[in-house]
Amino acid sequence: MEKTTYLSSIVSALNKLNGMGSLNEIYDVIEKEGRLSYIFSNPNWKDNVRATIQRHCIQTKSYRGSEDLFRSVYGLGEGYWKFKNFDSSEYDNPIIDRQLKMIANLDISNTEKEMIIKSRIGQGIFRDRIIQKYEHCIITGINDNRLLLASHIKPWRSASNYERLSSENGLLLSPLYDKLFDIGLITFDDNMKILISNKLSCENVSRINIDTNKIYVNNPSNEMMVNMRYHRQNIFVE
């Protein structure tokens, strides 16, 4: 019988977690499986699990040429890992449900919980989808992902779980335009031309340099149009 190693235990745990999970979830699965002998003999076995993941992730300083298997989901230090080639779209619902349950059980305020949900779920799966769909800011053309935000059309607080993650409920914008859209100083009509709020001064309208005759998204879906109408009716400040 093949000996169970730290690496094989991590792979087994992530498979049971549908490809993505927190360190604590990985530890729990390994412990419940009980096949890794080190959990009974080494009090620091969790540190070794974490170190093994890092040695098999090219993103980390610990990587020394081992097989590149894992990726940090929310950035190094956040303690959330996935398989290198993991495609979240196939497993969204069980992973999201698991994360929502974990966050709901945290002893923090509802506002803090909402912030964590937005950053962990909204800016994970949702951001990946929006970047893949648009590739650049739809207004400026900027394509450096460090300078781009995945903006919800129908806001998070008003959206269903499906809408919160749907690429048809998002735009890729650079920060200035994300802010303008978020607080309702700009929106889009059914032709995806920009409408500018009267609450924005003429001086600032000229400074933001928006072409109101340009079509910013070609052939928008019916789903996107429904979300955009919600934005015009409920978020846009005329």
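The three strands form an open sheet in the order β1-β3-β2, with antiparallel pairing (strands are DSSP runs of E with at least two residues, and helices are runs of H or I with at least four, numbered from the N terminus; two strands pair if DSSP finds at least two bridges between them). This is a predicted model, in which local features need pLDDT of at least 70 and side-chain atom pairs count only at pLDDT 80 or more, while totals for chains, interfaces and linings use all residues. Residues are numbered from 1 along each chain as its sequence is written, and side-chain values use heavy atoms, leaving out hydrogens and water.

The edge strands, β1 and β2, each pair on one side only. Neighbouring strands are turned by 30 degrees against each other on average, direction ignored (axes are lines fitted to C-alpha atoms, for helices over the stretch in contact, and angles run from 0 to 180 degrees between N-to-C directions).

Strand β1 (residues 20–22) is joined to β3 (residues 80–83) by three bridges, and Gly21 has Trp81 as its bridge partner in β3. Three bridges also link β2 (residues 70–72) to β3, where Trp81 is the bridge partner of Ser72.

Two helices accompany the strands. Helix α1 (residues 6–16) lies across β1, β2 and β3, at about 90 degrees to β3. Helix α2 (residues 23–33) packs on the sheet and touches β1 and β3 (contact means heavy atoms within 4.5 Å); the direction of α2 makes about 95 degrees with that of β1.

Finally, the structure contains zero disulfides (pairs of cysteine sulfur atoms within 2.5 Å).
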